[in-house]
Amino acid sequence: MTSQKLQHFLDEHLADLKTKGLYNEIDTVEGANGPVITINGKELVNLSSNNYLGLATDERLKDEAVQAVKSHGVGAGAVRTINGTLDLHNELERKLAQFKGTEAAISYQSGFNCNMAAISAVMDKNDAILSDELNHASIIDGCRLSRAKIIRFNHSDMDDLRAKAKEAVESGQYNKVMVITDGVFSMDGDVARLPEIVEIAEEFDLMTYVDDAHGSGVLGKGAGTVKHFGLQDKVDFQMGTLSKAIGVIGGYVAGKQNLIDWLKVRSRPFLFSTAVTPADAAATIKAIDLIMESEELQQKMWENSEYLKNGLKQLGYDIGHSETPITPVIIGDENTTQTFSKRLIEEGVYAKSIVFPTVPRGTGRVRNMPTAAHTKEMLDQALGVYEKIGKELGILSR
């Protein structure tokens with residue numbers, strides 16, 4: 001017999017989310033997640049993927065994955081500390097350290113796992129964390145897990161950060177204080193003010209932690225936000241995912257050798273969960289090689305990004321102040337945003353709605369992610385649909 005209280009709770013709250021336009025339908029992609037996808041038998045221009053460089057469907061990565069399955073099998077077979085560390089995992093970590101310009105790196109099963117693992121392995125109830133108010137959910141959960149005091153500072157507000165850093169350090173209440181920020185903020189596409197953050201960190205002896213999930217492969221000639229600002233020697237933790245521009249799955253933390261040594265003996269997702277598959281590791285190594293060898297894919301991605309941004313602005317849409325390929329079309333009202341997204345999909349453009357709690361109430365949007373794999377013809381098709389639906393719903397003037 002199922003719990004009646006549970007069923008009442010679920011029915012009531014699901015109905016409430018649907019009424020408020022906060023319930024997100026999950027669609028199934030039939031086939032590969034490329035620049036054009038198929039859902040329910042219909043082809044759509046895909047503007048919702050984080051596959052910035054198009055590597056998720058790259059034939060060279062596929063070949064490496066297939067060869068790794070043949071040579072190493074489909075799984076690692078054990079946690080890393082028993083006998084699940086394959087030579088491919090060690091090669092991947094050496095490659096990541098080279099890529100990020102650090103002494104060493106550690107790989108995890110996902111970017112979310114990275115933040116849960118690394119923050120809680122270093123910070124505890126006697127410490128404090130200064131966290132940008134718009135940091136990703138995985139950062140928030142990693143901070144909570146650590147039991148450290150969480151002190152939020154206003155988004156990219158350096159005066160507020162400095163004041164709160166000063167107060168935290170001078171209070172004498174904390175053994176260690178860390179400042180943590182996304183490198184690129186995923187909902188608006190703006191870039192963290194890392195030079196100023198590092199300056200404040202040096203002034204107050206703060207540890208520095210940058211989540212570069214949306215910066216790696218995009219900024220700094222592909223090496224990320226930290227490299228973009230030339231701060232590889234100034235940031236203690238460089239964290240990132242392998243599932244966005246890299247096109248595969250997993251995550252990593254890069255930094256000093258002793259930091260990585262500590263994480264390998266104290267971070268719980270590393271200790272108690274089997275590592276990424278041989279195929280994932282091999283494909284990731286190939287992706288990093290491609291990014292380091294040539295900027296061709298990044299250049300194509302940026303060209304497509306500017307083309308789409310300019311087209312949307314000319315139509316009259318509010319696309320915020322993104323500094324990266326992330327291109328929000330800000331609608332505002334949640335129900336209107338949901339309707340807008342549904343109509344885009346019906347007309348052949350896959351751009352999903354993003355509403356509270358992912359973004360603040362009243363700032364509902366669809367987020368567009370132009371990639372290196374899109375053609376101008378695809379983007380023109382998308383812009384045509386945006387014009388049609390914008391006028392239809394009264395978002396654009398006729």
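Student: Where is S156 found?
Tutor: S156 sits in the loop between β5 and α7 (158–171); helices (H or I, at least four residues) and strands (E, at least two) are DSSP runs, numbered from the N terminus. This is a predicted model, in which local features need pLDDT of at least 70, side-chain atom pairs count only at pLDDT 80 or more, and totals for chains, interfaces and linings use all residues. Residues are numbered from 1 along each chain as its sequence is written, and side-chain values use heavy atoms, with hydrogens and water left out.

Student: What is the phi of S156?
Tutor: Phi of S156 is near 55°, a positive value in a residue other than glycine.

Student: Does S156 count as buried or exposed?
Tutor: S156 counts as buried because its relative accessibility is 14%; buried means under 20% relative accessible area, exposed over 50%, and partly exposed in between (1.4 Å probe, protein chains only).

Student: And what about R147, buried or exposed?
Tutor: R147 has 56% relative accessibility, so it counts as exposed. R147 lies in the loop between α6 (137–146) and β5 (149–153), and has a positive phi of about 70° although it is not a glycine.

Student: New topic: which residues does a cis peptide bond join?
Tutor: The cis peptide bond joins F356 and P357, with omega about 10°. P357 is placed in the loop between β12 (353–354) and β13.

Student: Which domains does the assignment give?
Tutor: The protein chain has domain 1 (16–46 + 295–392) and domain 2 (58–293), with bounds that come from an automatic or database domain assignment. The C-alpha centres of domain 1 and domain 2 lie 27 Å apart.

Student: How many residues does the contact take from each domain?
Tutor: The contact, meaning heavy atoms within 4.5 Å, takes 17 residues from domain 1 and 15 residues from domain 2.

Student: How much area do the two domains bury between them?
Tutor: Domain 1 and domain 2 bury about 1300 Å², with 58% of it on carbon and sulfur atoms. Buried area is the accessible area (1.4 Å probe) that two parts lose on being put together, summed over both.

Student: How many salt bridges are counted between the domains?
Tutor: The count is 1 salt bridge, defined as a side-chain nitrogen of Lys or Arg within 4 Å of a carboxyl oxygen of Asp or Glu. The side chains of R365 and D188 meet in a salt bridge at 2.9 Å, N to O.
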